[in-house]
Amino acid sequence: MTPDQLYGWWLPARASTYAADLDRQLDVFHVAMGLIFVCWGAFMIYCLIRYRARPGVPAVYSHTGIVKSMIPDGIVLAFELFMIFVIGLPVWAHVMETFPEEKKANVAAVIAQQFAWNIHYPGPDGLFGRRDIKLISSGNPIGLDDADPAAKDDLVSVNQFHVPLGKPTLVYLSSMDVIHSFNVPAFRTKQDATPGMRVRIWFEPIMTGTFEIACAQLCGLGHYRMRGDVIVHTQEEFDAWLAKKQAEKAEL
Ligand SMILES: [Cu+2]
């Protein structure tokens, strides 16, 4: 897909398994809110006309009928609760609380910093090497401890997040400094990265291509340039990329 096709004048293309579900929520809620807006507006106009000031008709100050007047409120409230808990919650739970199994997923850690996305892949052993803030340098942006055996096969990239098609990617998201927000609009993925916390998020792409990562939390002067790419490969391409990177690392 060209960027024009990906990011048109409306929502971006739906490039993950849950994008369509979330978009449907957006549509349903907009229609429902529009309906409530029109109904309340019509009711207000009705009241303005029905109870307008007229010569010879005195105002009536009365508290009778308060229960009856609560009925429309109750109906709207029940409708809103239905929308949230019956329509909205299952999709929320699917996206935010139903995680893919680590064994069956592509696993990576994303460490946000002012103003870049560091991607840490555990390598073939599936174990993340130890990270130490004291080891951070320009050549070692995440402070990976090379003395740790689990770190030997780890890969690190900056702003380029390579993932395979056809399986979910599980991300351990954290931040080194301030609050950032990991946002991939085409996947409808968005999660704050908070210092001191490591949170899990996941997505499963449904097409190959390059999809923008944006920081969705104003995080400092360079916020605007805190962008990266998720590059979705076929599994074969992804394996080849991993092998190439491993070979490059072995040469160092
Ligand atoms: Cu940021």
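Reader: Let's start with Glu101: what is its relative accessible area, and how do I read it?

Author: Buried means under 20% relative accessible area, exposed means over 50%, and partly exposed is what lies in between (1.4 Å probe, protein chains only). Here Glu101 comes out at 41%, so Glu101 is partly exposed. Keep in mind that this is a predicted model, where local features need pLDDT of at least 70, side-chain atom pairs count only at pLDDT 80 or more, and totals for chains, interfaces and linings use all residues. Residues are numbered from 1 along each chain as its sequence is written, and side-chain values use heavy atoms, with hydrogens and water left out.

Reader: Which side chain does Glu101 meet in a salt bridge?

Author: A salt bridge is a side-chain nitrogen of Lys or Arg within 4 Å of a carboxyl oxygen of Asp or Glu. Glu101 pairs with Lys103, at 3.4 Å from N to O. Lys103 itself is exposed, with a relative accessible area of 74%.

Reader: How many salt bridges does the rule count?

Author: The count comes to 10 salt bridges. One of them links Asp21 and Arg24, whose closest N and O atoms are 2.9 Å apart.

Reader: Why are Asp21 and Arg24 about one helical turn apart?

Author: Because they are three residues apart in helix H2. Helices (H or I, at least four residues) and strands (E, at least two) are DSSP runs numbered from the N terminus. Asp21 is partly exposed at 23%, and Arg24 is partly exposed at 45%.

Reader: And where do Lys245 and Glu248 lie?

Author: Both sit in helix H4 (residues 235-251), three residues apart, which is about one turn of the helix. Elsewhere, salt bridges that share partners tie Arg14, Asp23 and Arg188 into one network.

Reader: On to the domains. Into which domains is the protein divided?

Author: The bounds come from an automatic or database domain assignment. Domain 1 runs over 19-96 and domain 2 over 102-251. Their C-alpha centres lie 44 Å apart. Six residues from domain 1 and five residues from domain 2 make the contact, where contact means heavy atoms within 4.5 Å.

Reader: What area is buried between domain 1 and domain 2?

Author: The size of an interface is often given as the accessible area lost when the parts come together. The value is summed over both parts, using a 1.4 Å probe. Between domain 1 and domain 2 it is about 450 Å², and carbon and sulfur atoms give 50% of that. On the domain 1 side, Ala19, Asp23 and Met96 lose the most area to domain 2, together 55% of what that side buries.

Reader: How many salt bridges does the rule find across the interface of domain 1 and domain 2?

Author: One. Looking at Asp23 again, its salt bridge with Arg188 has the closest N and O atoms 2.7 Å apart. Helix H2 (19-50) and helix H3 (66-96) are the elements that give two or more residues to the side of domain 1 that touches domain 2. By type, that side divides into four nonpolar residues, one polar and one charged. Nonpolar here means Ala, Val, Leu, Ile, Met, Phe, Trp, Tyr, Cys and Pro; charged means Asp, Glu, Lys and Arg; the others, Gly among them, are polar.

Reader: Now the backbone. What is the phi of Arg188?

Author: Most residues other than glycine have a negative phi, and most peptide bonds are trans. Arg188 has a positive phi of about 60 degrees, although it is not a glycine. You'll find Arg188 in the loop between strand S6 (180-184) and strand S7 (189-193). At 16% relative accessibility, Arg188 counts as buried.

Reader: Where is Asn159 found, and is it buried or exposed?

Author: Asn159 is in the loop between strand S3 (155-158) and strand S4 (160-164). Asn159 is buried, at 18%. Its phi is near 65 degrees, a positive value in a residue other than glycine.

Reader: Which residues does a cis peptide bond join?

Author: Gln114 and Phe115, with omega at about 0 degrees. Phe115 lies in the loop between strand S1 (106-113) and strand S2 (116-121).

Reader: Last one: how many residues apart in sequence are Thr2 and Thr210?

Author: They are 208 residues apart in sequence, and 9.4 Å apart in space, C-alpha to C-alpha. Thr2 is in the segment before helix H1 (3-6), and at 41% relative accessibility Thr2 counts as partly exposed.

Key. Buried area is the accessible area (1.4 Å probe) that two parts lose on being put together, summed over both.
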